[in-house]
Amino acid sequence: MDKIALLFPGQGAQYPGMGKPLYESERELFDAADKIRPGITSICFDGTPDDLKKTENTQPCLYLAELAAANSLIRAGVKPDALAGFSLGEIVALAVGGAYSYETGFEIVCKRGDLMAKASDEFETGMFAVLKLSNEEVERICALHENVYPVNYNCPGQVTVAGLKTALDAAKADFAAAGARVVPLAVSGGFHSPFMNNAAKQFGEYLATLKANTITTPVWADYTAQPYGEDVWNLMENQINNPVRWEQIIRNMSAEGINTFIEVGPGQTLSKFVKKIAPDAKVLHAETPEEIAAVADEVKSC
């Protein structure tokens with residue numbers, strides 16, 4: 001029998017209207033979120049691309065769209081053996097895994113988005129993807145430049161780098177000289193780097209006021225590339241200002257027998273990463289009601 005992991009994407013996957021086809025079946029989820037933050041469903045369904053690029057909007061909107069899809073998928077009979085999320089997606093994975101209620105998760109993601117948005121305003125930072133180099137070569141070149149850091153280990157030959165914009169401009173030449181292709185990312189800050197230290201500290205202080213539940217489905221942590229244990233809040237805090245070890249998560253999951261990966265929610269970026277990391281795995285995508293039904297049928301027939 002297949003062992004299934006649900007994967008949840010991070011910032012960059014958002015688009016206007018995401019989650020709207022699931023509103024009728026997941027009305028309770030969206031309406032509860034609107035009571036906590038009035039108008040958030042309207043931003044998710046009808047906001048402009050610029051509205052959704054704001055970190056304080058992106059994170060809660062993606063949380064709702066991804067959680068709605070996961071809810072529908074599980075209700076359709078898909079039972080995951082493991083969960084993981086890329087950056088923001090990890091907050092969704094933890095909600096699905098039972099670490100906290102959906103409502104508490106929404107409050108958490110709103111706080112996280114606000115803190116990371118404020119941290120982004122403190123520095124002139126940016127991010128770009130470095131393609132065609134090994135992880136070690138990216139790390140070597142970053143070390144040559146102050147305030148430039150490898151932050152997302154996506155898949156073989158792709159690492160995201162964050163830093164001060166002036167430092168990134170200088171580093172680009174070295175990456176190009178090494179044979180890399182550099183792709184700027186449309187993000188508002190230097191996420192998963194020391195530029196998020198203040199946000200991480202304040203997020204940790206906020207989380208300490210909450211109570212975590214026992215996780216019922218294993219959730220793999222971006223910070224360690226291992227399953228969460230009991231210290232949920234510490235891992236969530238450290239995730240903000242440390243690298244996302246996505247490639248290692250997928251390798252470790254595969255070593256544990258996970259052979260079917262379902263990307264849940266907007267976009268298929270994680271699906272592309274998985275195909276490069278674990279080419280023999282089955283990779284599926286579930287976002288719309290039609291995709292959810294098709295994926296549920298395929299999984300149940302295996």
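**View 1. A84 and W220, bridge partners in a predicted model.** Start with A84: its bridge partner in β7 is W220. The two strands here are β2 (residues 82-85) and β7, paired in the parallel sense over 2 bridges.

**View 2. The parallel sheet around that pair.**

**View 3. The antiparallel sheet.** Now for the open sheet built from 4 strands, in the order β4-β5-β3-β6, with antiparallel pairing. At its edges stand β4 (148-155) and β6 (181-184), and since each has a single partner strand, one side of each is left without a neighbour in the sheet. From one strand to the next, the twist averages 30°.

**View 4. Zooming in on β4 and β5, with two helices.** β4 and strand β5 (residues 158-164) run antiparallel and are joined by 6 bridges. Look for P150, whose bridge partner in β5 is V161. Helix α7 (residues 135-143) packs on the sheet and touches β3 (125-131), β4 and β5, with its direction at about 165° to that of β4. Helix α12 (residues 269-277) also packs on the sheet, touching β4 and β5. For α12, the angle between its direction and that of β4 is about 75°.

Terms used. Residues are numbered from 1 along each chain as its sequence is written. This is a predicted model: local features need pLDDT of at least 70, side-chain atom pairs count only at pLDDT 80 or more; totals for chains, interfaces and linings use all residues. Side-chain values use heavy atoms; hydrogens and water are left out. Two strands pair if DSSP finds at least two bridges between them. Axes are lines fitted to C-alpha atoms, for helices over the stretch in contact, and angles run from 0 to 180 degrees between N-to-C directions. Contact means heavy atoms within 4.5 Å.
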